Amino acid sequence: MSNGIVGHDLPGEGYTVFDSYLLSLLTKSTKYTMSALVKTEGIVLDHILYRETSAIIHIYTRELGRQNYVVNGVRGNRKSRKTALLQPLNRLSMEVYHSPRKDLQRIKEFSLMHPMENIPYHQGTRAQAFFLTELLSKVLIMQDPAGEMYDFLNHSVELMDSAVEGVENLHLFILFKLTQYLGFYPNENRFGKESWFDLKNGDFVQTEPVHELFLTPQKAALFNRLLSADVYNLKQIAVNSFERNVILNALLGFYRLHTHSFGELNTLSVLQSLLHS
């Protein structure tokens, strides 16, 4: 599963601002030597390539939240088991050195918990995986540990890799349910045929909001399907690419209003070309 979207090579000889940033992380990580040895599980988000064979791996862990790990020798040898650290959404069992005062941690041991069976081999689910990891990298910025959120994301990856019925809508389901753990889940007030959805306040309302941040009744009706969705009726969320586009754009608008520095998603165009057109 190629990671050209989320991995970035650093300049070889020239010293850049980005080099300075990584050097500051490395300096901070060695300033304090007291580290606890912690056993945890983790989901690989993305990585930054560093020098010739190393990488900074961003992993969302169950016990420690999102963490940055520097790993040496992760590149250059395709047979090395360390390449598992470069594949988005891989789930790991880890033993790590951790210090709350460090910005950069180290991995003592790790093993791949569940080798992927479908995600790397199907264009649609691979596009969903890249999209999801990019979005998670934006919203889980040094997120505090939350076991329930980790369990939700772990189960979501399992569903995506299982080729569950309605998998083409799974990214919509995941984005919607994730708002519950991020703290801006919509209010489940009464929805009517002529209800608008107020994106700013997260409410279905019976009159058009005075501001412009809302979904029309037609779009709100599609968005409302997410409230009753579960893993057994994913196909009913959107029955065609037009409906998927409406719901996805509504979700992204909702995220932009309720998360900081959300910005643009580089993986969105690939996802749309495969599942939304």
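In which strand is the place of threonine 40? Threonine 40 belongs to strand E1, residues 36-50. The structure is a predicted model, in which local features need pLDDT of at least 70, side-chain atom pairs count only at pLDDT 80 or more, and totals for chains, interfaces and linings use all residues. Residues are numbered from 1 along each chain as its sequence is written, and side-chain values use heavy atoms, with hydrogens and water left out.

View 1. Threonine 40 has 5% relative accessibility and so counts as buried (under 20% relative accessible area, 1.4 Å probe, protein chains only). Beyond its neighbours within four places in sequence, threonine 40 is in contact (heavy atoms within 4.5 Å) with Thr61, Arg62, Glu63, Leu92, Ser93 and Met94. A polar atom of the threonine 40 side chain lies 3.5 Å from the backbone nitrogen of arginine 62.

View 2. Across the chain, pLDDT (the predictor's confidence in each residue, from 0 to 100) averages 86, and 86% of the residues score at least 70. Over residues 1-13 pLDDT stays under 50, and the model has 32 contacts for them beyond four places in sequence. Residues 28-32 also have pLDDT below 50, with 6 contacts beyond near neighbours in sequence. Where pLDDT is low, the predicted coordinates should not be read in detail.

Technical notes: Helix = DSSP H or I, 4+ residues; strand = E, 2+ residues; numbered from the N terminus. Buried < 20%, exposed > 50% of the residue type's maximum accessible area, 1.4 Å probe, protein only. Polar contact = N/O pair within 3.5 Å; in protein donor to acceptor, adjacent residues only side chain to side chain.
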